[in-house]
Amino acid sequence: MTQTIHQILDDIGIAYQQYDHPPVFTVEEAAKYDRGHAGHSKNLFLRNKKGNRHFLVVLGADKQVNIRDIADAVGENNLGFASPERLLKYLGLTPGSVSPFGLVNDTAKGVEVIVDNELLKSDNQGFHPNINTSTLILSTEDFKKFLSSTGNKVTYLEVT
């Protein structure tokens, strides 16, 4: 039986609040339903040119990112956005619902996670629970606890 993200969070002792809202596909749409409880993030799913390395980049919603800088930080020459098919294959997600919670579907633990240190300055974080019709709010400490529980490689750095 497949566990839901709610069951997984409960099992590892992570408290959260859930807010339901209409489907949102962009950071701008999600801002319409903001309740002021969490740091806002955007989540990018990238791949290297060969397609043999995949990265989930988690950073502040308002931050502009230079993908070249991320490529340099992870020792790659070229990174680009992964296709919807790759997103579904590796994280079990569809566009508009990209979230660190998708890591529970990465049974091979091949997706590398990059978290911008600036995001961690907020007390709380909000992410879709693998569907874009609600948001789960959890403490930043519990977010880091969740990431540690996944078994994926996690790198914290200053994303520019």
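This is a friendly walk through the structure, from its overall layout to a few side-chain details. The model is predicted, so local features are taken only where pLDDT is at least 70 and side-chain atom pairs only at pLDDT 80 or more, while totals for chains, interfaces and linings use all residues. Residues are numbered from 1 along each chain as its sequence is written, and side-chain values use heavy atoms, with hydrogens and water left out.

Let us begin with the layout. The protein has 5 helices and 8 strands; these elements are DSSP runs numbered from the N terminus, with helices being H or I of at least four residues and strands E of at least two. Along the sequence they come in the pattern α-β-α-β-β-α-β-α-β-β-β-α-β. Of the 160 residues, 46% count as buried, where buried means under 20% relative accessible area, exposed means over 50%, and partly exposed is in between (1.4 Å probe, protein chains only). The accessible surface comes to about 8300 Å², and 49% of it belongs to carbon and sulfur atoms; these areas come from the Shrake-Rupley method with a 1.4 Å probe, and for residues only the protein chains shown count as cover. Among the contacts with a separation of 6 or more, 63% are between residues 24 or more positions apart, a contact being heavy atoms within 4.5 Å.

Strand β2 runs antiparallel to β3 (residues 54-60), with 7 bridges joining them, and antiparallel to β4 (residues 79-81), with 3 bridges. Two strands are said to pair if DSSP finds at least two bridges between them. For landmarks, look for Lys42 opposite Leu59 in β3 and for Asn48 opposite Leu79 in β4. The hairpin of β2 and β3 has 5 residues between the strands, and there Gly51 takes a positive phi near 80 degrees.

A search of the whole structure finds 6 salt bridges, each defined as a side-chain nitrogen of Lys or Arg within 4 Å of a carboxyl oxygen of Asp or Glu. One of them joins Glu76 and Arg53, at 2.9 Å from N to O. Because Glu76 lies in the loop between α3 (67-73) and β4 and Arg53 in the loop between β2 and β3, the pair ties together parts that are 23 residues apart in sequence. Glu76 is buried, at 16% relative accessible area, while Arg53 is partly exposed at 21%. Another salt bridge is formed by Glu118 and Lys63, whose closest N and O atoms are 3.3 Å apart. This pair links the loop between β5 and β6, where Glu118 is, to the loop between β3 and α3, which holds Lys63, 55 residues apart. Arg68 and Asp72 meet in a salt bridge as well, at 3.4 Å from N to O; both lie in helix α3, 4 residues apart, about one turn of the helix. Salt bridges that share partners also join Arg53, Glu76 and Glu112 into one network.

Now for the aromatic rings. Rings of Phe, Tyr and Trp (its six-membered ring) pair if their centres lie within 6.5 Å, and planes under 30 degrees apart count as stacked, over 60 as edge-to-face and the rest as tilted. By this rule there are 3 aromatic pairs. Phe101 and Phe146 form an edge-to-face pair, 5.1 Å centre to centre with 80 degrees between the planes. A tilted pair is formed by Phe127 and Phe143, at 4.8 Å centre to centre and 35 degrees between the planes. That pair connects strand β6 (residues 124-127), which holds Phe127, with Phe143 in helix α5, 16 residues apart. Both Phe127 and Phe143 are buried. Ring pairs link Phe101, Phe127, Phe143 and Phe146 into a cluster.

Let us finish with Thr140, also in helix α5. Thr140 is buried, with a relative accessible area of 5%. Leaving aside neighbours within four places in sequence, Thr140 is in contact with Leu120, Ser122, Asp123, Asn124 and Gln125.
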